[in-house]
Amino acid sequence: MSFLGHLQVLVFLYALLLFSAESRKTQLFDTESSTDDGAEHENYGDKVDARDIPLLYLETKIQNAPVGSPQRQEAQKNLLEEINHRKQIDQNIIEILRLSLKKTDVLDLLTSTRTTGQPVVDDWDCYKTLVKSFKNQCGAKMAYDMKYAGALANICNMGVDVKKSVAAIEEACAH
């Protein structure tokens, strides 16, 4: 398959990511029949978030493996583990924000950034401490997990005590 063909497959798989994890599980964990009819897939765009490449890779392995084969079952297992890990990290960061800030409405802090010209973070020692704690306590080890580094910067920028934030990380990630 050419580079363009691979790119089209990756773009198609990215579009699959737009559906809920449950609908993807139903489609990708079907053991009765394969959904791949060999047809060319429509191009849904040309950008794929680098954090989603592991999911795309596993989805491609599932689609290319024969139904019921050990390779397909292993890829399905790995995909489910990856999706569950991501869900856990998502839940952890929300809980970390809630505990650190003593607020319940924290979703806006997941993606909020500072205005142009301002530093990303004011207290780099706070930030480095929280990132290290997040990695150690929550098992954050991949690019997906660290997409929340900005949320940790927001905690530091709001002047929250570092020790309280580390305690919040430990509590949120104790599972």
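Me: Tyr 144 first. Buried or exposed?

Reply: Tyr 144 is buried, with a relative accessible area of 8%. Buried means under 20% relative accessible area, exposed means over 50%, and partly exposed is what lies in between, using a 1.4 Å probe and protein chains only.

Me: And Tyr 148, buried or exposed?

Reply: Tyr 148 is buried as well, at a relative accessible area of 7%.

Me: Before I go on, what kind of model is this?

Reply: This is a predicted model, where local features need pLDDT of at least 70 and side-chain atom pairs count only at pLDDT 80 or more, while totals for chains, interfaces and linings use all residues. Residues are numbered from 1 along each chain as its sequence is written, and side-chain values use heavy atoms, with hydrogens and water left out.

Me: Back to rings. How many aromatic pairs does the structure hold?

Reply: There are 2 aromatic pairs in the structure. One of them is Trp 124 with Tyr 127, an edge-to-face pair with 5.5 Å from centre to centre and 90° between the planes. Rings of Phe, Tyr and Trp (its six-membered ring) pair if their centres lie within 6.5 Å; planes under 30 degrees apart count as stacked, over 60 as edge-to-face, and the rest as tilted.

Me: Where do Trp 124 and Tyr 127 lie?

Reply: Both are in helix H5, 3 residues apart, about one turn of the helix. A helix here is a DSSP run of H or I with at least four residues, a strand is a run of E with at least two, and both are numbered from the N terminus. Trp 124 is partly exposed at 46% relative accessible area, whereas Tyr 127 is buried at 18%.

Me: What about the rings of Tyr 144 and Tyr 148?

Reply: The ring centres of Tyr 144 and Tyr 148 are 6.5 Å apart and the planes meet at 85°, so this pair is edge-to-face too.

Me: Why quote both a distance and an angle?

Reply: A pair of aromatic rings is described by the distance of the centres and the angle of the planes.

Me: New topic. How many helices and strands are in the chain?

Reply: The chain has 7 helices and 0 strands. Read from the N terminus, its elements are α-α-α-α-α-α-α.

Me: How many of the residues count as buried?

Reply: Of the 175 residues, 39% count as buried. The chain exposes about 10,500 Å², and carbon and sulfur atoms supply 54% of that area. Accessible areas come from the Shrake-Rupley method with a 1.4 Å probe; for residues, only the protein chains shown count as cover.

Me: What about contacts in the chain?

Reply: Among contacts with a separation of 6 or more, 76% are between residues 24 or more positions apart. A contact means heavy atoms within 4.5 Å.

Me: Now H4. What should it span?

Reply: H4 has 32 residues and at 1.5 Å a residue should span 46 Å, which agrees with its end C-alpha atoms being 46 Å apart. The expected span is 1.5 Å times one less than the number of residues.

Me: What follows H4?

Reply: Lys 102 follows H4. Lys 102 has a positive phi of about 55° although it is not a glycine. This residue sits in the loop between helix H4 (70-101) and helix H5 (124-138), and it counts as exposed at 72% relative accessibility.

Me: How many salt bridges does the structure hold?

Reply: The structure holds 5. A salt bridge is a side-chain nitrogen of Lys or Arg within 4 Å of a carboxyl oxygen of Asp or Glu. One of them joins Arg 86 and Asp 52, with the closest N and O atoms 3.1 Å apart. That pair links distant parts of the chain: Arg 86 is in helix H4 and Asp 52 in the loop between H2 and H3, 34 residues apart.

Me: What does Glu 81 form a salt bridge with?

Reply: Glu 81 pairs with Lys 77, the closest N and O atoms being 3.6 Å apart. The two are 4 residues apart in helix H4, about one helical turn. Glu 81 is partly exposed at 44%, and Lys 77 is partly exposed at 42%.
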